[in-house]
Amino acid sequence: MTDSPTLPPKSWPELQPGWVWLCGAGPGDPGLLTLHALNALQQADVVVYDALVGSDILEWAGGAELIYAGKRGGKPSAKQRDISLHLIELARKGKRVLRLKGGDPFVFGRGGEEAQTLVQHGIPVRIIPGISAGIGGLAYAGIPVTHRDVNQSVTFVTGHDQSGTTPGSLDWEGIARGSQVIVIYMGMKHISHITESLMAAGRSSSEPLAFVTSATLENQKVVESTLGSAVTDAKAEGVEPPAIICIGRSVLMRQVLDWQSMEAGLSPRNLDPLGRGRPAESA
Ligand code: SAH
């Protein structure tokens, strides 16, 4: 086991027995963990963690018991209930419970449901936000989720609901019309339905699209494509979940902002991918 990092001096909140702290672990790179998350890891008796929480991060849990609560098949709704009930049981036993989830606990992670169930059962909670894959994961790919020359809004979409189907309630026309940049979580299973719906709603087949898989981790992979070629390119490049999909011209910014290539000694492909013809700071 590696030594846990030291927290900077400050009076950090204390995880009390019988409490559950619902905490985001970020998209994967342990460096993206918050100090509050580290503080929680160092105090917890039990850490109940999801599939997308990296083992490096769990090594900082000291002597805590580690309980895996990731996907294991079965009915997702029943499983979610089991997890919540387990958290309640642990808290009632007087444990200091850390519920650790990938990314941010309140972004497509059912954290809101879990917290609500806990509070309904009289269990006190603290929420610790994390860096969501749809923002931090894209940043690691050199894609700014907003850019003044591209978008004034961004829409975060889930590609499937609890039953595993594309949410019927999604208004693809509204999404296509309303937001220059669309960021899709859990989109791989229904990628063809999603891209076809957006094109049917008027988005161009030539619009830039990127897949970022295992974002922020050592095996991060970025595949640049277009709305029209996404399905073919994903297959050809072997794009596998977990993947964040970004649709919009912000993907072009990667040509200048792919900082991981810079670290590898490569020059930017294009200093002005949006064709503005001016350095950004002159505006
Ligand atoms: N709460 C999480 C999202 C949970 S939903 C967050 O805020 O990031 C799970 C989905 O998140 C995955 O299917 C994938 O779309 C995305 N995701 C999470 N971690 C990722 C990573 N490291 N790389 C790419 N996508 C990731």
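How do strand E1 and E5 pair, in the parallel sense or the antiparallel, and over how many bridges? In this predicted model, strand E1 (residues 20-24) pairs with E5 in the parallel sense, over 4 bridges.

That pairing belongs to an open sheet of 5 strands. Read across, the order is E3-E2-E4-E1-E5, and the pairing is parallel. Strand E3 (65-68) and strand E5 (125-128) are the edge strands, each pairing on one side only. From one strand to the next, the twist averages 20°.

Helices come next. Helix H1 (residues 35-43) packs on the sheet and touches E1, strand E2 (46-49), strand E4 (97-101) and E5. The direction of H1 makes about 135° with that of E1. Helix H4 (residues 111-120) lies across E1, E4 and E5. H4 runs at about 175° to E1.

Cys23 stands opposite Ile128 in E5. Cys23 counts as buried because its relative accessibility is 0%, and the cut-off for buried is under 20%. Cys246 also has a relative accessible area of 0%, so Cys246 is buried too. A disulfide is a covalent bond between the sulfur atoms of two cysteines. The structure holds 0 disulfides.

Move on to helix H5 (residues 133-140). Which of its residues are buried? They are Gly134, Gly136, Gly137, Leu138 and Tyr140. Just after H5, Gly142 takes a positive phi of about 80°.

How do the two partners compare in exposure, buried or partly exposed? Tyr140 has 16% relative accessibility, so Tyr140 counts as buried. Trp259 has 28%, so Trp259 counts as partly exposed. Elsewhere, Phe108, Phe156 and Tyr185 form one aromatic cluster.

Charges also meet rings. Lys10 lies over the face of Trp12, at 4.9 Å from the ring centre. At Trp21, the charged end of Arg126 sits over the ring, 5.5 Å from its centre.

The last stop is Ile175. Where does Ile175 sit? Its place is in helix H6 (residues 172-178). With a relative accessible area of 11%, under the 20% cut-off, Ile175 is therefore buried. Which residues does Ile175 touch, not counting those up to four places away in sequence? They are Thr155, Val157, Leu170, Ile182, Leu198 and Arg203. Val150 gives a further reference point for Ile175: the two are 25 residues apart in sequence and 16 Å apart in space, C-alpha to C-alpha.

Terms used. Residues are numbered from 1 along each chain as its sequence is written. This is a predicted model: local features need pLDDT of at least 70, side-chain atom pairs count only at pLDDT 80 or more; totals for chains, interfaces and linings use all residues. Side-chain values use heavy atoms; hydrogens and water are left out. Buried means under 20% relative accessible area, exposed over 50%, partly exposed in between (1.4 Å probe, protein chains only). Helices (H or I, at least four residues) and strands (E, at least two) are DSSP runs, numbered from the N terminus. Rings of Phe, Tyr and Trp (its six-membered ring) pair if their centres lie within 6.5 Å; planes under 30 degrees apart count as stacked, over 60 as edge-to-face and the rest as tilted. A charge sits over a ring if NZ of Lys or CZ of Arg is within 6 Å of the ring centre and within 35 degrees of the ring normal. Two strands pair if DSSP finds at least two bridges between them. Axes are lines fitted to C-alpha atoms, for helices over the stretch in contact, and angles run from 0 to 180 degrees between N-to-C directions. Contact means heavy atoms within 4.5 Å. A disulfide is a pair of cysteine sulfur atoms within 2.5 Å.
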